[in-house]
Amino acid sequence: MKSIEERNSILEKDIFKHVNHGWRVTTKSETKAILERYKKVNGSVLIKLLLLFIVPGIIYLLMPKGRSRLLIEVTQEGNIHYNAKGLSDREKSELMRY
């Protein structure tokens with residue numbers, strides 16, 4: 001069983017990794033944190049819309065794409081658990097790589 005200070009240190013290191021990959025911290029406690037990232041524009045869809053019709057391409061570019069949320073929790077044993085909302089399977093596998 002790890003102390004609160006050790007768990008907080010593990011959480012800080014993990015948050016640092018995610019912040020370097022575009023996430024931002026919205027809420028943080030000693031053993032939990034919620035991170036958020038706005039979804040990116042799909043480049044291939046944007047190019048097709050701009051080539052075919054300029055106005056729909058511009059509208060697509062200006063539309064909000066939503067956001068993804070990530071809950072990071074450090075257990076008493078020091079293990080990190082993720083709970084992701086709004087991520088595709090590819091984004092979830094990418095999340096585990098860094």
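Which residues form a nonpolar patch on the surface? I began my notes on this predicted model with that point. I found that Ile47, Leu51, Leu52 and Phe53 make up the patch. Together these residues have about 490 Å² of accessible area. I then looked up where Ile47 lies and placed this residue in helix α2, which covers residues 43-52.

Entry on the overall fold. I noted 4 helices and 4 strands in the protein chain. Following the sequence, I read their order as α-β-β-α-α-β-β-α.

Entry on surface and burial. I recorded that 23% of the 98 residues in the protein chain count as buried. The chain exposes about 6,900 Å², and I noted that carbon and sulfur atoms supply 58% of that area.

Entry on contacts. I looked at contacts in the protein chain with a separation of 6 or more and found that residues 24 or more positions apart account for 48% of them.

Entry on confidence. I noted a mean pLDDT of 83 for the protein chain, with 85% of its residues at 70 or more. Confidence is highest in strand β1 (residues 24-28), at a mean of 94, and lowest in helix α3 (residues 54-62), at a mean of 69.

Technical notes. Residues numbered from 1 in each chain as written. Predicted model: local features only at pLDDT ≥ 70, side-chain atom pairs only at ≥ 80, totals over all residues. Heavy atoms only, no water. Helix = DSSP H or I, 4+ residues; strand = E, 2+ residues; numbered from the N terminus. Buried < 20%, exposed > 50% of the residue type's maximum accessible area, 1.4 Å probe, protein only. Contact = heavy atoms within 4.5 Å. Areas by Shrake-Rupley, 256 points an atom, 1.4 Å probe, with all protein chains shown as cover. Patch = residues over 30% accessible without salt bridge, like charges linked within 9 Å, V, L, I, M, F, W, Y side chains within 5 Å. Salt bridge = Lys/Arg side-chain N within 4 Å of Asp/Glu carboxyl O. pLDDT = per-residue confidence, 0-100.
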